[in-house]
Amino acid sequence: MKSKIVTPIIAMLLVVFMGSCQKDQDTQAFKASSIDKLASLEPLTKNLQGIDLGVAGNFAILSKTGITSVYKSTITGDIGTSPITGAAMVVSCGEVTGNVFSVDAAGPACKTTSATMLTSAVSDMQTAYLDAEGRINPDYLNLGAGTIGGTTLLPGLYKWTSSVNIPTDITISGSADDVWIFQVAGTLDMSSAVRVTLSGGAQAKNIYWQVAGAVTFGTTSHFEGIILGKTGINLQTGGTINGRLLAQTAATLQMNTVTQPQ
């Protein structure tokens, strides 16, 4: 009687064991298949193209409604305003290492009048803004719910449907050929003494910040990248930027350093 009971039990155990073995084999096969598929995928950022700035790319600061500076700022690169009169450039010639372009005879004594070129530059600035704004399928959506202090930002397309706040230092990390595009639907604010640092060969000329709202950088802060601003760009006392200020309204400086990236 005992043997009749044991035999079915052994048979059941064999079925379970063999099923388990088959399951393990299937799992391993699935994992191997998944790894092969992942290895064959190209990174999402690999084909991300930079923004064509056109003539606007010749400027360290370009604005439609004015550029003002509390003396003494240090600007390396060309500056210009259009369509507003050159009188809206409240900048001393000694603050600019580069050309000062105006649409008319008004403005700093060192100005060059070039209305046609400035019209093209502003048009290209707006086109570049729309290009950056129109990029789709972001790699990162609403990272940090808009607060990104302490983060390391890898190459790719970033999108925020809100404002962005940088309360502590951040790092932008990638190679010299990598591209970053940041789409910000609201304002962009960086706290005082906070720094944006580049690592791994990342270059400011390949970093684009498209911002619909006002941009404000706190005192003694440091920023990296090209700002395509639909609203004002404001640098508070002692702030520095390795990049470009391309503003569809005004750019305001207070004893700042603005260096056009190479």
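How many bridges join strand β2 to β5, and in which sense do these strands run? In this predicted model, in which local features need a pLDDT of at least 70, side-chain atom pairs count only at pLDDT 80 or more, and totals for chains, interfaces and linings use all residues, two bridges join strand β2 (residues 66-70) to β5, and the two run parallel. Residues are numbered from 1 along each chain as its sequence is written, while side-chain values use heavy atoms, with hydrogens and water left out. Strands (E, at least two residues) and helices (H or I, at least four residues) are DSSP runs numbered from the N terminus, and two strands are said to pair if DSSP finds at least two bridges between them.

The confidence of the prediction is considered next. The pLDDT, which is the predictor's confidence in each residue on a scale from 0 to 100, averages 88 over the protein chain, and 82% of the residues score at least 70. Where pLDDT is low, the predicted coordinates should not be read in detail.

The protein chain holds two helices and 23 strands. Among contacts with a separation of 6 or more, 46% are accounted for by residues 24 or more positions apart. Of the 262 residues of the protein chain, 40% count as buried, where buried means under 20% relative accessible area, exposed means over 50%, and partly exposed lies in between (1.4 Å probe, protein chains only). The chain exposes about 12,600 Å², of which carbon and sulfur atoms supply 59%; accessible areas come from the Shrake-Rupley method with a 1.4 Å probe, and for residues only the protein chains shown count as cover.

Strand β2 belongs to an open sheet of seven strands, in the order β5-β2-β22-β20-β18-β15-β12, with parallel pairing. The edges of this sheet are β5 (89-90) and β12 (164-166), each of which pairs on one side only. Strands of a sheet pair through backbone hydrogen bonds, either parallel or antiparallel.

An open sheet of three strands has the order β10-β13-β16, again with parallel pairing. Because β10 (152-153) and β16 (196-199) stand at the edges with a single partner strand each, one side of each is left without a neighbour in the sheet. Two bridges link β10 to strand β13 (residues 170-173) in the parallel sense, and the bridge partner of Leu-153 in β13 is Ile-172.

Strand β19 (residues 222-229) is mostly covered, with eight of its eight residues buried. Strand β17 (residues 207-211) pairs with β19 over four bridges in the parallel sense, and Trp-209 stands opposite Ile-227 in β19. Strand β21 (residues 240-247) is joined to β19 by eight bridges, and these strands also run parallel; here Leu-228 has Leu-246 in β21 as its bridge partner.

A nonpolar core is a set of buried Ala, Val, Leu, Ile, Met, Phe, Trp, Tyr and Cys residues joined through side-chain atoms within 4.5 Å. The largest such core has 40 residues, and those with the most contacts inside it are Ile-61 and Phe-223. Apart from this core lies another of 22 residues, including Leu-53, Leu-62, Val-103 and Met-125. When residues up to four places away in sequence are not counted, Ile-61 touches several residues, among them Ile-67, Ile-75, Leu-245 and Val-258.

One salt bridge is counted under the rule that a side-chain nitrogen of Lys or Arg lies within 4 Å of a carboxyl oxygen of Asp or Glu. Asp-131 forms this kind of contact, a salt bridge, with Arg-135, the closest N and O atoms being 2.8 Å apart.

Some backbone features remain to be described. Most residues other than glycine have a negative phi, and most peptide bonds are trans. The peptide bond from Tyr-71 to Lys-72 is cis, with omega near 0°, and Lys-72 is found in the loop between β2 and β3 (74-76). The bond from Ser-82 to Pro-83 is likewise cis, with omega near 10°. Asn-137, which is not a glycine, has a positive phi near 60° and is exposed, at 63% relative accessibility.

Technical notes. Contact means heavy atoms within 4.5 Å.
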